[in-house]
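Please consult the sequence and the structure shown here.

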Amino acid sequence: MEKTVLVIGGAFQDKLTAALAFSHLTMDDVGENPYENKKIINNFQNYFKNNMNDEGLLEKCRGKIIIADEVGCGIIPLEKSDRTYREALGRFLCDLAAISDTVIRVTCGIPTFIKGE
Amino acid sequence: MVTLVIGGGGSGKSAFAESIAVSYSGKTAYIATMEPYGEEGAKRIERHRKMRLGKGFDTIEQYSFINEKTAANYENVLLECVSNLVANHIFTENDKNTIENVVDGIEKMTKSVKNTVIVTNDIFNDGCDYDDITRDYIAKLGTVNCRLASLADEVFEVVVGIPIKIK
């Protein structure tokens, strides 16, 4: 069984670079849709935004390296749809972290292993 | 023991803070600072009530001016959350000394009990520019968080449900 990895951090923190270094994979292995046959899923938050009600999504993330922006560390958005997305992504990533073998947090391009190795 | 728990929206900080609070023996007061407002607020409160169900917490609704009397008769306190408390001081009470009143009040309360778990919000990382009123709120909450972290024995940041001990 391939390992499940979550790479989390703010926008523009070089999470993809960190994920490639960690996995020894290349850009050929990078997609943006968990239903694609790619090991690394980049910008997961964008896919999630349009597919929040897909109950099979968590299982689809299993065995992959999911890269997602941290979106919960700001002022609560004025638009209800933004609030719903922000909250749902946070909860989803808590669930994904729970089933992940490794969780890497990236700040300024520096990876910190907050779960597993 | 004073523990401060900080995290973003949907980070799992409440669940982690509750897990610390249930580990303490003796009576625990849950101080709820969020005024029920609108449908979303009601839903949020309901979700948190369900999470706390069966954990033996007594809920005290105290929206502002927490002090040593707030949790008298309790051994432990779980305070959730400071971001609402600061907002209530500024916007409801029109309190000109929000920072001092919030921090001093919480400190007095921590001395009236054995253990305190304080939940606060990380709202400082969206890089957006806001109007003066919002910026003032962000600045005040930031200062309150720093002062609470300074008086706390332990500080945890919660990221995707994972607690990271930073003090």
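**Salt bridges and the interface**

Glu87(A) is buried, at a relative accessible area of 16% (buried is under 20% relative accessible area, exposed over 50%, partly exposed in between, with a 1.4 Å probe and protein chains only). The model is predicted, and local features need pLDDT of at least 70, side-chain atom pairs count only at pLDDT 80 or more, while totals for chains, interfaces and linings use all residues. Residues are numbered from 1 along each chain as its sequence is written, chains are lettered from A and ligands numbered from 1 in the order in which they are written, and side-chain values use heavy atoms, with hydrogens and water left out.

**Salt bridges**

- Glu87(A) forms a salt bridge with Arg91(A) at 2.7 Å, N to O; the term denotes a side-chain nitrogen of Lys or Arg within 4 Å of a carboxyl oxygen of Asp or Glu.
- Both residues lie in helix H4 of chain A, four residues apart, about one turn of the helix; helices (H or I, at least four residues) and strands (E, at least two) are DSSP runs, numbered from the N terminus.
- Arg91(A) is partly exposed, at 24% relative accessibility.
- Salt bridges with shared partners link Glu87(A), Arg91(A) and Arg44(B) in one network.
- Arg105(A) and Glu157(B) also pair through their side chains, at 2.7 Å, N to O.
- Arg105(A) is in strand S5 of chain A and Glu157(B) in strand S6 (residues 154-159) of chain B, so this pair joins two chains.
- Arg105(A) is partly exposed at 22% relative accessibility, whereas Glu157(B) is buried at 16%.

**Interface between chains A and B**

- In contact (heavy atoms within 4.5 Å) are 20 residues of chain A and 23 residues of chain B.
- The buried area, meaning the accessible area (1.4 Å probe) that two parts lose on being put together, summed over both, is about 1700 Å², and carbon and sulfur atoms give 56% of it.
- Cys73(A), Ile75(A) and Arg91(A) supply 35% of the area that chain A buries against chain B, more than any other three residues.
- Three salt bridges are counted between the two chains.

**Fold of chain B**

- Chain B has five helices and seven strands, in the order β-α-β-α-β-β-α-α-β-α-β-β from the N terminus.
- Its C-alpha trace spans about 45 × 35 × 30 Å along the principal axes.
- Of the 167 residues in chain B, 52% are buried.
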